[in-house]
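Let me put the structure up, and then I'll walk through a few spots in it.

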Amino acid sequence: MKHRFICLFAVLLGCLISPVACRAQVQLPAGFHKLELTVDGVARSGFVYAPASAKETPTPVVFVFHGHGGTALQAGRSFAMHKHWPEAISVYLQGLNTPGKLTDPEGKKPGWQHGAGAEGDRDLKLFDAVMANLKENYKVDAKRIFSTGHSNGGGFTYLLWQTKPEVFCAMAPSAAASARLADASFKPKPAMHIAGTQDPLVKYAWQELAMNKVRQINQCEAEGKSWAQDCTLFPSKVGAPFVAFIHQGTHKFPDEAPALIAKFFKEQSAAVK
C-alpha cells in the first residue's frame, strides 16, 4: 500500500510540473491543491498541502525549495514535510530556468535567484505572492513560518533569511553556503544546517564557514551538545539555537534529514510565545 501511494503521489506531482501531459488523469490526494500564480506577468506554479484544520485554526507554514536543476516534484518526494509534519501547511514551489553559480552557467535548468536584485527579484516576489495567497485561503500562523531547501534552494533559504527576517520563525538550509552571511542585515534566527563532509560541489569548508558565521550571528555558546545522530545543538543567548547536522555523505540530500528538519521546526514552533 505504501509503495502504491508513493507511485500515485509521484504521478500527481508530475502533473503539476507537466499539466498538459497529465490533464484530467487523476484527482489530487486529499489535502493537496495546485498553486498557479502570475507574478510580474510570468506564470509560476507549485503545489500546497494543507490540513483540513487550516481553514479554522492558525497553522504553521513550511516552504520547501528544490536545488538547481530540480523540481517541485523532487522536493515533495525528498522533503515530504506534509508527511513529517502533517499539521502544518507545506508549500513546494517550482523554480524557473536560472544561471547557476557552480553549474549550468547558461541557465538551462530551473533554480532560484542567488541574491537580492538578481533576476528582477522574481523569486522573492513569488514568495510574497504565495504568502498573500495562503493568507487569503487559510488561517496562517504568522509567527510560525519556516523555510528549508537543498543546494540552490538552501541558498535561497539564506536569502529569505537575509531579506525577510521578520517573517520567519526558523530556517533549515542544506548543502548551501552564503557569502551574504557577512552582511549586517542578518538577524538572529533559529537555524539548522545540513552539510556533507564529502560534498564535491558545495565544499564542506565553505559550509563550515557559513555554519560558524551563523553561530556568531545567533550568539551561540561555544560548546554544543548532542541533539540527534550526527547533530549538534548550540544553545543561543538570544533564543536562536543552531543545529549543525554534519553527515559523512556527498551533495546528496540525506534520507534522514526530513524527519530531523521537521523535529527542529516543531521545537522552534513550540518555543514561540
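**Helix α5 and a few other spots**

So, in α5, the buried residues are Arg122, Asp123, Leu124, Leu126, Phe127, Val130, Met131, Asn133 and Leu134, where buried is under 20% relative accessible area, exposed is over 50%, and partly exposed is in between, with a 1.4 Å probe and protein chains only. Bear in mind this is a predicted model: local features need pLDDT of at least 70, side-chain atom pairs count only at pLDDT 80 or more, and totals for chains, interfaces and linings use all residues. Residues are numbered from 1 along each chain as its sequence is written, and side-chain values use heavy atoms, with hydrogens and water left out.

How far apart are the end C-alpha atoms of α5? They are 23 Å apart, which agrees with the 22 Å that 16 residues (122–137) should span at 1.5 Å a residue, the expected span being 1.5 Å times one less than the number of residues. Helices here are DSSP runs of H or I, at least four residues, and strands are runs of E, at least two, numbered from the N terminus.

Most residues other than glycine have a negative phi. Glu119 is partly exposed, at 38% relative accessibility.

Asp230, in the loop between β10 (225–228) and β11 (231–234), also has a positive phi, near 70°.

Last one: Gln162, in helix α6 (152–163), is buried at 13%.
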